[in-house]
Amino acid sequence: MGKFASVTATARVLALLVLTSLALTILLGAQGFAQTTPADQAPATPPATPAPAAQQPAPPTPAAQKPDSSQEPADEETTARRKRVHDYKNWSYNVGAGASLNSGTTRTWVRQGGFVGAAGVARNANKYLGLRLDFDFANLPLRDSTLELAQASGASTHVYSLTLDPIINMPVTKLVSAYVLLGPAFDHRSGSLNSDTAIAGSACNSFWDWWGVCQNSNFSIPLSGNFNSTVNEFGYNVGAGVSRKMPSGVEIYGEFRLLHGSHNGITTDYRPITLGFRW
């Protein structure tokens with residue numbers, strides 16, 4: 001019985017040791033599982049972080065657009081500069097018509113108010129300075145007293161003028177501008193008398209001198225009886241005008257000029273007043 005009791009006690013001790021070791025094993029296994037679970041799941045968390053990293057390139061998009069916005073003002077400035085450079089026309093043209101007021105010796109023989117027609121072209125260096133070429137036609141109707149002195153029933157007299165002038169433009173407002181011009185002139189005056197009864201070879205008077213038929217005839221009316229006049233003269237012209245721009249861009253202008261020509265003491269003086277268009 002004593003031996004059986006000792007065996008039983010030994011068995012109990014062994015059983016208790018087995019249970020203790022099993023409990024320790026279970027506890028150690030639970031702790032190992034608890035520690036390995038975060039370690040196993042830790043690699044899974046990094047894939048979630050690349051999403052913001054993948055979105056980071058998006059912010060540079062506005063930065064990439066900044067050069068475009070910076071180029072747009074540059075393009076606008078270039079366009080504005082081009083517009084400023086072309087705020088005038090390189091070439092401009094004008095046509096007009098009106099009447100003339102005569103002066104000097106011409107006024108003695110010619111009535112006032114003869115018809116005038118003009119056309120011109122200008123090459124502009126800028127909106128202030130240019131060079132203008134004009135062609136003018138002026139009718140010079142003789143006075144009745146002149147026809148009586150010439151012993152003619154009628155006459156046809158006119159002058160063609162060619163002028164080349166520097167022109168100075170002076171803008172007053174965006175729509176209104178003024179200008180002045182001055183330069184040389186060439187005049188070609190011609191005329192013919194109708195049914196003239198003057199006696200060939202008779203002495204010239206002041207009209208015949210102005211008419212231009214006594215220059216090469218020893219101060220007497222030509223014996224040929226040809227009383228037609230042709231006189232070429234060089235001189236000058238000066239003028240001024242004002243223009244008003246219309247919505248279409250065409251300008252209406254008014255101009256006053258004085259033309260003087262002279263050759264061998266023969267003069268032609270007339271002052272055309274014209275209204276017309278510039279474009």
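**Notes on the fold, core and surface patch**

1. Let's start at one pairing: V95 has F277 as its bridge partner in β8. The strands behind this, β1 and β8 (residues 266-278), pair in the antiparallel sense over nine bridges. Two strands count as paired if DSSP finds at least two bridges between them.

2. A word on the basis: this is a predicted model, in which local features need pLDDT of at least 70 and side-chain atom pairs count only at pLDDT 80 or more, while totals for chains, interfaces and linings use all residues. Residues are numbered from 1 along each chain as its sequence is written, and side-chain values use heavy atoms, with hydrogens and water left out.

3. Now the overall layout. The chain has six helices and eight strands, taken as DSSP runs numbered from the N terminus (helices: H or I, at least four residues; strands: E, at least two). Their order from the N terminus is α-α-α-β-α-β-β-α-β-β-α-β-β-β. Of the contacts with a separation of 6 or more, 62% join residues 24 or more positions apart; a contact means heavy atoms within 4.5 Å.

4. On the other strand pairs: β1 is also joined to β2 (residues 114-124), antiparallel, by 10 bridges, with A118 in β2 as the partner of G96. Strand β5 (residues 176-194) pairs with β6 in the antiparallel sense over 16 bridges, and F186 has F234 in β6 as its bridge partner. Strands β6 and β7 run antiparallel with 12 bridges, where R244 is partnered by I252 in β7. Their hairpin has five residues between the strands, and G249 there takes a positive phi near 100 degrees.

5. How much of the chain is buried? Of its 279 residues, 30% count as buried, where buried means under 20% relative accessible area, exposed over 50% and partly exposed in between (1.4 Å probe, protein chains only). The accessible surface comes to about 17,100 Å², with 65% belonging to carbon and sulfur atoms; the areas come from the Shrake-Rupley method with a 1.4 Å probe.

6. The largest nonpolar core has 23 residues, of which L142, L193, F207, W208, W210 and W211 touch the most other members. Such a core is a set of buried Ala, Val, Leu, Ile, Met, Phe, Trp, Tyr and Cys residues joined through side-chain atoms within 4.5 Å. Helices α5 (144-150) and α6 (206-211) each supply at least two of its residues, and α6 gives the most, with four.

7. L142 sits in the loop between β3 (129-139) and α5 and is buried because its relative accessible area is 5%. Beyond four places in sequence, its contacts include W109, R111, L193, F207 and W211. The C-alpha atoms of L142 and R111 are separated by 5.8 Å, though the two are 31 residues apart along the chain. F207, in turn, touches W109, L142, T146, L149, A150 and L193, leaving out residues up to four places away.

8. Which residues form the nonpolar patch on the surface? They are W91, Y93, V95, M246, I252, F277 and W279, with about 670 Å² of accessible area together. Patch members have over 30% relative accessible area and no salt bridge, with nonpolar side chains (Val, Leu, Ile, Met, Phe, Trp, Tyr) joined within 5 Å; a salt bridge is a side-chain nitrogen of Lys or Arg within 4 Å of a carboxyl oxygen of Asp or Glu. Strand β1 (residues 91-102) provides the largest share, three residues. M246 lies in the loop between β6 (229-245) and β7 (251-263), and M246 is partly exposed because its relative accessible area is 33%.

Terms used:
Patches are made of residues with over 30% relative accessible area and no salt bridge: like charges are joined within 9 Å, nonpolar side chains (Val, Leu, Ile, Met, Phe, Trp, Tyr) within 5 Å.
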